[in-house]
Amino acid sequence: MFSETRARRFLTRLVALGPRPSGSYECEELATGMFLEEIAKIKNVTNIVVRLGVSSQPRSSLLLNCHFDSVPSSPGASDDAVSCSVMLEILRVLSLHDAALPYDVLFLFNGAEENILQAAHEGAGAGGREILFQISLKSTWMLDLYLSSVPYPHTTVIGHELFQSGALPAETDFRIFHDYGRLPGVDIAFVKNGYVYHNEFDRPEYITAGCIQRAGENVLAMVNAVLQSDCMRTHCVDNDRHGVFFDMLGLFTLSYSLSTSRVMNSLIVTAAVAVFFAGISKGMLSACGSSQNNAWFRFYTHSQCVDALIAHALALVGSVASSALMMAALSAMGNYLVWYGKSEALLSLYVTPAFCGGMTVHHLFARRFRQGGSKQVLTYEQCIYNCTIIWLAVLLLVLTVWNLRSSYYFSFILVFLLLRFPILWLCDRLAKRNVLATTSRIFTVHTLVVLPAYTFVIYGYIELSSLLVPILARIGPVINAEKVIYVLGTATGVTVMLLVASLVYISDRMRWVRCLALYCLMYYVVVTFTSYGIPFEYDLDRPRLRRLHMQHFTRRTCCNDVKSNTTENWLWIYPLDMRGIKDLPDYDEIKSGRPPLCNTETMYCDLPYYIPVFRSFPATHSLLSKMEDLPQAAFRTEVRILDKKVDTATSSIEYDLLFVGSDHVNLFITPISYWHLSKWSFNVSIPPSQKTYFLALNCGHFPCRWNVRLTFAKNDSTTIPSSPARLAVASQFIHGKLRYSSHLRALIGRIHADPLELRKCYLLLMGLEVRSFPKSRSQALWLLSVPPSAIRCQLQMSSGQRNGT
């Protein structure tokens with residue numbers, strides 16, 4: 001039986017080691033030893049890559065994957081020590097089975113996942129319900145087993161489409177197994193409370209009680225189901241049985257095929273169109289033997305239909321304009337990311353204004369329509385309601401044509417809305433027919449059918465916002481996170497407005513809308529002119545930390561003989577949110593910084609990027625501050641040209657190079673004009689059409705030696721300078737005693753001792769030394785060697801330092 005107590009006990013021990021970046025003593029020795037110690041207590045296993053089974057013949061196996069390393073700034077409880085704890089407990093449970101397993105089970109405890117990739121059975125948050133958010137091709141049978149066998153399923157096809165489309169700025173190890181191994185599989189992650197992701201608060205106490213037990217029981221049930229499945233032996237043919245899958249308000253899961261989705265959506269759209277056009281059919285009234293006193297359906301003229309469509313269009317403009325005006329007002333005062341620190345801010349600043357803007361337009365139209373009497377009002381109410389249905393039907397049709405599986409979201413909303421007609425028809429047969437009763441029946445039935453749709457919309461809003469809000473506060477300055485939140489909030493507000501818009505035409509009580517608008521205005525004033533609007537907060541109960549990347553490095557420039565001719569010491573400062581470099585603490589090291597002057601020939605601006613994220617984090621959005629002291633690295637990165645061969649027949653030059661650096665070395669190769677990189681000694685193909693090639697070279701010891709061969713060829717036979725490329729080598733010190741430079745130690749001390757500047761700041765310091773080799777006309781090869789340090793700083797501005805003023 002799976003036990004959260006045992007799993008959490010191991011999780012606590014593992015996280016107590018602190019940050020565990022790959023190559024560090026904590027990762028390579030202590031964490032690995034801890035796993036081996038625990039695994040040694042279990043029978044029939046002997047290695048950290050564990051195979052549980054007795055077969056000596058090749059056969060299908062089930063692989064479970066996690067990673068126990070962490071980023072340098074975090075103890076990594078949810079990312080991803082908790083999954084390794086779950087896997088270790090599952091390994092213990094399976095090893096106690098008396099009967100032999102029908103297939104082998106492989107447990108892969110990955111110790112180097114945080115190099116470039118973002119996740120392996122990953123946690124993007126701490127706790128909550130783990131969600132199955134991605135499946136690979138030929139895996140519908142595994143999804144079927146998940147939906148039918150796990151006790152607490154939680155999944156949605158929306159997450160699958162977001163990851164497959166690349167809309168989310170994240171990646172998982174799952175893609176490696178899928179793209180390169182072509183293996184069927186499912187991807188599961190914790191996504192709640194993403195505020196502690198990759199920072200010091202990613203500790204076991206922030207993983208909610210019970211979620212490990214729930215995840216363990218789910219994964220164990222899934223493992224047992226897969227091992228008993230015939231598809232392990234026969235390789236089941238992939239089908240579309242579960243093309244659409246989602247959970248209904250967290251209560252249960254639904255799934256059906258994509259073809260079923262198309263048919264269902266088509267029927268819903270057809271019903272919506274039929275209802276809409278039935279209302280303006282001239283002969284329908286007499287044909288049905290009905291009168292306009294019926295509550296369940298009222299007929300309207302073409303001109304009334306046009307009025308209703310215009311009302312909806314202007315209401316949409318009013319909603320978009322209202323939330324856009326709020327965003328402009330926030331931007332004008334520099335109040336970015338308020339929604340990151342305050343959970344109600346997104347609702348108050350974007351959803352509610354969009355809702356109030358649209359409802360106000362409908363209220364103005366309703367006042368004009370009431371001049372025609374109560375019967376005219378009821379007719380317009382029916383017309384507005386039918387137009388709401390047709391707007392949603394058009395949207396559903398577009399999503400269906402685009403083959404988006406997440407179209408189910410609007411399918412269910414429309415189903416609830418269409419239920420109004422049969423329910424009103426039944427009430428019409430039972431109730432006394434008069435205007436007052438008709439209005440009451442419409443209001444009651446409308447509320448009844450809209451309430452499930454409204455709940456469905458709010459549930460989707462909560463799930464999506466809880467995932468996106470923490471991510472958007474760390475995706476860099478290029479993507480305007482405020483606009484993304486504006487779109488999410490406006491879309492939610494417009495949807496809610498559409499669901500209740502028709503009720504405005506049978507009710508003149510709009511005071512509550514005015515009260516909501518006044519609340520939004522007051523909330524804006526509070527977040528703008530008081531410290532309540534500060535998004536960052538160092539709070540042990542609910543941390544909302546700002547992330548600031550800093551690197552103290554030395555850059556040495558070299559020529560053909562790879563001997564340094566200039567040396568520069570720099571502090572590189574990079575905010576990871578859209579507030580950018582204009583909103584930073586008032587320290588001399590930061591005030592003296594300027595955006596770097598980048599050479600257009602290289603994409604990385606001769607700066608020691610740790611991962612290839614120059615598009616999301618361009619150097620022009622950072623600060624480079626001149627420093628006097630060295631980072632005090634224990635050794636210099638060595639770059640040697642062992643051999644150089646010039647082939648005149650092929651117009652190419654081959655270099656045999658030796659790099660000696662830290663256990664994390666990054667190599668930047670930028671061919672100069674008229675040259676291209678034709679060959680290298682790495683066991684991967686050269687990506688086509690790259691301006692700069694980024695390679696991460698990692699090993700498990702220190703220092704590391706790398707022999708690299710690079711061949712550059714001319715693009716044509718034109719006589720051109722002999723220098724074929726610029727090359728940079730960056731040695732990163734992300735763990736151990738070299739992780740901290742003396743200046744960074746002093747800086748973090750000042751920040752913690754300065755309550756007027758920051759209430760609390762968390763910094764990741766990674767000591768450093770740097771080399772750089774710039775270009776000259778006589779060079780044949782350009783080299784830059786950078787052993788840098790990095791700081792990640794979660795900052796909170798005090799009220800006196802608001803917006804950097």
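These legends walk through several close-up views of a predicted model.

**View 1. A threonine inside helix α2.**
Let us start with Thr32, which is found in helix α2, residues 25–40. Is Thr32 buried or exposed? Thr32 is buried, because its relative accessible area is 19%, and the cut-off for buried is under 20%.

**View 2. An open sheet of three strands.**
Here the strands follow the order β1-β3-β2, and their pairing is mixed. Which strands stand at the edges? They are β1 (49–52) and β2 (61–67); each has a single partner strand, so one side of each is left without a neighbour in the sheet. From one strand to the next, the twist averages 15°.

Helix α3, residues 77–95, lies across β1, β2 and β3. The direction of helix α3 is at about 145° to β2. Helix α7, residues 211–227, packs on the sheet as well, where it touches β2 and β3. Between the directions of helix α7 and β2 the angle is about 155°.

How many disulfides does the structure hold? There are three, and this view shows the one that joins Cys66 to Cys84, with an S to S distance of 2.2 Å. In general, a disulfide is a covalent bond between the sulfur atoms of two cysteines. The torsion about the S-S bond of Cys66 and Cys84 is about 110°, so this disulfide is right-handed. Cys66 sits in strand β2 and Cys84 in helix α3; the two are 18 residues apart, and the pair links distant parts of the chain. Both Cys66 and Cys84 are buried.

Cys598 is joined to Cys605 by a disulfide with an S to S distance of 2.0 Å. This link has -100° about its S-S bond and is left-handed. Cys598 counts as partly exposed because its relative accessibility is 32%, whereas Cys605, at 7%, counts as buried. Another disulfide joins Cys699 to Cys704, and here the S to S distance is 1.3 Å. Cys699 and Cys704 are both buried.

Cys515 counts as partly exposed, at 47% relative accessibility. Cys520 is in no disulfide either; the nearest cysteine sulfur to it is again that of Cys356, 5.2 Å away. Cys520 is buried, with a relative accessible area of 4%.

An unreviewed UniProt entry lists several spans as "transmembrane region", among them residues 345–362 and 516–534. In the model, residues 345–362 are 100% helix and 0% strand, and the end C-alpha atoms of the span lie 25 Å apart. Residues 516–534 are 74% helix and 0% strand, with 23 Å between the end C-alpha atoms.

**View 3. Glu130 and its surroundings.**
Glu130 lies in the loop between β3 and β4 (131–135). Because its relative accessibility is 4%, Glu130 counts as buried. Which residues is Glu130 in contact with, leaving aside its neighbours within four places in sequence? They include Tyr152, His154, Phe190, Cys211 and Arg214. Ile188 is also in contact with Glu130; although the two are 58 residues apart along the chain, their C-alpha atoms are separated by 6.5 Å. Finally, look for Asn218: its side chain makes a polar contact with the side chain of Glu130, at 2.5 Å.

Key:
Residues are numbered from 1 along each chain as its sequence is written. This is a predicted model: local features need pLDDT of at least 70, side-chain atom pairs count only at pLDDT 80 or more; totals for chains, interfaces and linings use all residues. Side-chain values use heavy atoms; hydrogens and water are left out. Helices (H or I, at least four residues) and strands (E, at least two) are DSSP runs, numbered from the N terminus. Buried means under 20% relative accessible area, exposed over 50%, partly exposed in between (1.4 Å probe, protein chains only). Two strands pair if DSSP finds at least two bridges between them. Axes are lines fitted to C-alpha atoms, for helices over the stretch in contact, and angles run from 0 to 180 degrees between N-to-C directions. Contact means heavy atoms within 4.5 Å. UniProt positions are given in the numbering used here, feature names are shortened, and annotations may be inferred rather than shown by experiment. A disulfide is a pair of cysteine sulfur atoms within 2.5 Å. A polar contact is a pair of N or O atoms within 3.5 Å; within protein, one must be able to donate a hydrogen and the other to accept it, and residues adjacent in sequence count only if both atoms are side-chain atoms.
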